[in-house]
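These notes are for a colleague who is opening this structure without having seen it before. They go from the whole chain to single residues, point by point.

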Amino acid sequence: MFVAVFLLLITLCAQGGNGDEGQEAQRLGHVSVVIAGGTGDLAKKYLWQGFFQLYINQVSSGYTFCFYGGGLSPKDKGTPALFEILKAVSCPSGVPVERCAVLKEQYLRLAQYRQLKTAEDYQDLDKHIKQQLQEEGMVEAGRLFYLSVPAFAYADIADKVNNACRPTTGAWLRVVLEKPFGHDFRSAQILATQLGNSLKEDEMYRIDHYLGKQVVSKILPFRIANKKFLDPIWNKYHIDRVEVVLKETLDAKGRIPFYDEYGVIRDVLQNHMIEVMTLLTMRLPKNMSNNQEVLQNKLKIFSTLQPLGKKQAVIGQYQAYNAEVWAELNKTKDYVSRTPTFAAVVTHIDVAQYDGVPVVLVSGKKLDERVGYARILFKNDVFCVQNHDSIHCKPKQLVYYFGHGNLQYPAILVTKNLFKPALIDSEWKEVTEHKDIKVLGLPISDYYVQTPIVQKDAYAELIAQIFSGRRDNFISAENLLASWNLWTPLLDSLASSFPRIYPGGADNGNLLDFRLKGREISYISKAVIIPPDQVGGSSTDNFQIMQGKYRSADMVTAWTEELIERLATDLQAAAEAVVSEGGTFHLALSGGSTPLALFQRLAQHHFSFPWRDTHVWMVDERCVPLTESESNFHLLHEHLLQHIRIPYYNIHPMPVELNQRLCVEEDGGALLYEREVNKLVSNSSFHFVLLGVGYDGHTASLFPGDKVDGHGERLIALTESPVKPHQRMSLTLRAINRAHQVAVLVMGKGKHELVTQLSRVKDSPNKWPVTGVRPTSGKLIWYIDYDALLG
Ligand code: BG6
């Protein structure tokens, strides 16, 4: 019976077999829905069901519809395949069975398969739609193209739609795209440009199905409905951490060709999880129905996220994955895939409200359970002397539970020690009768729970929003690029890392547990499944920190990370020695990129550094405004000063800009700085001077050939650099050599040749300025990493 109906469908669709509200229909117009990839997996699982829901909702609204399943196969193959899919479409809950059967029959009649391969196929489709409109005397409302095809085909289809299949004047065009939208910033940018050649931004709907999940779509409404409770606690003083978690039991089998290219970070963190995170942390829009405002507020979060590097992530791969790769990609057994199937990433939002609050994103395949949630864990300042079961002794948390896991249904849960939340809207209800289960460590009875009265599918929800032209739950081009901008450096830095191998399921034990330490994340257990000698590279464990002599001064050498920690420790010890005697520590810091790792180390690990009693001076400065990224002070501020508790009046940037001009001799900037040093630093002797050395042997801003030893009694001088910006201000050798302690930090393979050469040359400050560093009565120590020392 269904087969017969379906074979009739083409003519019936053309005859406007749209429900029973034909009269009104003429008023609102006709909509053509085209699913490219209409017999593919996604269409089968979600899209035809979602469009059926749309049809049911809109059948009495006055629109008429035709649905086209597009594919590359010829019609005789595609038609039965589509029919099988449509036959399986089920009746959504809440629709009476008989009415649903009638509607399903209509839906089947309105759908047809079309081969959509060539430009002519799109022209034919266009002709067909226009002919239908004419024959039926219908006005066109719009065309919705859902591209459920691999991303490499997007630009081509968009081009064909643009050239051959745009709707008639006055009707809308909406083109829906599924992730992946590129695999890094650059490819996303190229794709955006290509699509932009054919489609306007407001014609594109980049879908992220997480934004259609009922709980996710209520994150903002819940925050608004409960603003009076949340406002006072939505900040760093109350929030302990924010988590977005998506655990899966499934593996990647069957989709390895896609997965191995992408991995878990590109597959779910870059999109679903970061989207949820922005909804949790963005500023609330004044008007929820202002799409633009919602999207802009979301975008702002991206610009405040701290950059992500290797230390902000741990990655893993389930043990059986590599064998799946061999099988599905026809690889030989010596092929090792580094694609992560598990990742935990910590990020920080650089605004005062969230200062220091870690935001953790965790996802993995083949874990012990399937569950997805976002949790805001609050600090609990109650100390329980007895009876630890009292609710006020327990963790305080707000949980957006997407589904699955113990609870099985989507819900928003608030622990009873926080507040009793207001219901979001009339489509949600409070749940008071529970099974005896635990949710995130607490019995469900410890929570106030609310859930949607009717559960709805994410795709159906988003399809409804596309139909009504609502854009706030879709990814704008700007948002997409901002997200890739965040993830690309992390992905690049992880490209050569080996993920930790985990067995899968319950056997993972605590192998994937991780610890948050400051801004960094690391696995708790030290397990190493792939020994380093089998995968190449060298282990830092094989090398100790070594001490020796270099240019007849002391030298410390180690792998970079250990070296930086050693220097930071020595620096702190020097500061503590001075401060414990009741003194003030005077520290002069160099610019350039070498010391950045030290600045970060100090900011993130040396919390007991006596900053309150430390004065920070500059070794040198470039003659640019301090606000510019080229400025040494700017870098120092970015990487150190803004993260530590140091009094404002202990900070001494060099006065390179006076009288609204840069480094003009007669403005006397160098002299001014010198007077400040003379006034505050006893005997003008800094306690510690940190120097670097350039490829040409320069140190501070003392360059070869610039009469480095000709500054006489001056402590500070204006100097010239052979590279831009040419003008500099610098401590002179005299000032450096008065210091109690001088450290010269040299790192990286690129400096190996220089290190070798310097080890041979005599002291000749005008040729090799760094050789003029010879503290008169203080100590000089070279800190050289293995790369620079051994090449
Ligand atoms: C998809 C990913 O986007 O999201 C899958 O490609 C992942 O790898 C899925 O399994 C998770 O979605 P959900 O709705 O099942 O949580």
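1. Overall picture. The model is a predicted one. Its secondary structure comes to 24 helices and 33 strands. Along the principal axes, the C-alpha atoms fill a box of roughly 100 × 70 × 60 Å.

2. Burial and contacts. The protein has 791 residues, and 55% of them count as buried. Taking contacts between residues at least 6 apart in sequence, 76% join residues at least 24 apart.

3. A helix pair. Helix α3, residues 41-58, packs on helix α15, residues 458-467. Their axes are 8 Å apart and the angle between them is about 55 degrees. The crossing of α3 past α15 is right-handed.

4. What the helices touch with. Which residues make this contact? From α3 they are Leu42, Tyr46, Leu47, Gly50, Phe51, Gln53, Leu54 and Gln58. From α15 they are Tyr459, Ala460, Ile463, Ala464 and Phe467. Sorted by class, the contact has ten nonpolar residues, three polar ones and no charged ones.

5. Aromatic pairs. How many aromatic pairs does a search of the whole structure find? The search finds 28. In one of them, the ring centres of Tyr55 and Phe65 are 6.0 Å apart and the planes stand at 85 degrees, so the pair is edge-to-face. The cut-off for that label is an angle over 60 degrees. Tyr55 belongs to helix α3 and Phe65 to strand β2 (residues 63-71), ten residues apart, and the pair links distant parts of the chain. Tyr55 and Phe65 are both buried.

6. A further partner for Tyr55. Tyr55 also forms an edge-to-face pair with Phe67, at 6.2 Å centre to centre and 90 degrees between the planes. Phe67 is in strand β2 and Tyr55 in helix α3, twelve residues apart, and this pair too is a link between distant parts of the chain. Is Tyr55 buried or exposed? Tyr55 has a relative accessible area of 1%, so Tyr55 is buried, the limit being under 20%. Phe67, at 0% relative accessibility, counts as buried as well.

7. The aromatic cluster. Ring pairs join Trp48, Phe51, Phe52, Tyr55, Tyr63, Phe65, Phe67, Tyr107, Tyr146, Trp172 and Phe467 into a cluster.

8. Val360. Where does Val360 lie? Val360 lies in strand β10, residues 358-364. With a relative accessible area of 3%, Val360 is buried. Leaving aside residues up to four places away in sequence, Val360 touches Arg241, Val242, Glu243, Val244, Val345, Phe514 and Leu516. The C-alpha atom of Leu442, 82 residues away along the chain, is separated from that of Val360 by 20 Å.

9. Cis peptide bonds. The bond joining Lys179 and Pro180 is cis, with omega about 5 degrees. Pro180 is in the loop between β5 (172-178) and α8 (185-198). The bond from Lys724 to Pro725 is also cis, with omega near -15 degrees. Pro725 sits in the loop between β30 (716-720) and β31 (727-731).

10. Gln660. Although Gln660 is not a glycine, its phi is positive, at about 55 degrees. Gln660 is placed in the loop between β27 (657-658) and β28 (661-662). Is Gln660 buried or exposed? Its relative accessibility is 78%, so Gln660 counts as exposed, the limit being over 50%.

11. Lys707. Lys707 is another residue other than glycine with a positive phi, near 45 degrees. The place of Lys707 is the loop between β29 (688-692) and β30. With a relative accessible area of 63%, Lys707 is exposed.

Note on methods:
Residues numbered from 1 in each chain as written. Predicted model: local features only at pLDDT ≥ 70, side-chain atom pairs only at ≥ 80, totals over all residues. Heavy atoms only, no water. Axes fitted to C-alpha atoms, helices over the stretch in contact; angles between N-to-C directions. Helix = DSSP H or I, 4+ residues; strand = E, 2+ residues; numbered from the N terminus. Left-handed = near helix turned anticlockwise from the far one by under 90°. Contact = heavy atoms within 4.5 Å. Nonpolar A, V, L, I, M, F, W, Y, C, P; charged D, E, K, R; others polar. Buried < 20%, exposed > 50% of the residue type's maximum accessible area, 1.4 Å probe, protein only. Phe/Tyr/Trp six-rings, centres within 6.5 Å; stacked < 30°, edge-to-face > 60°.
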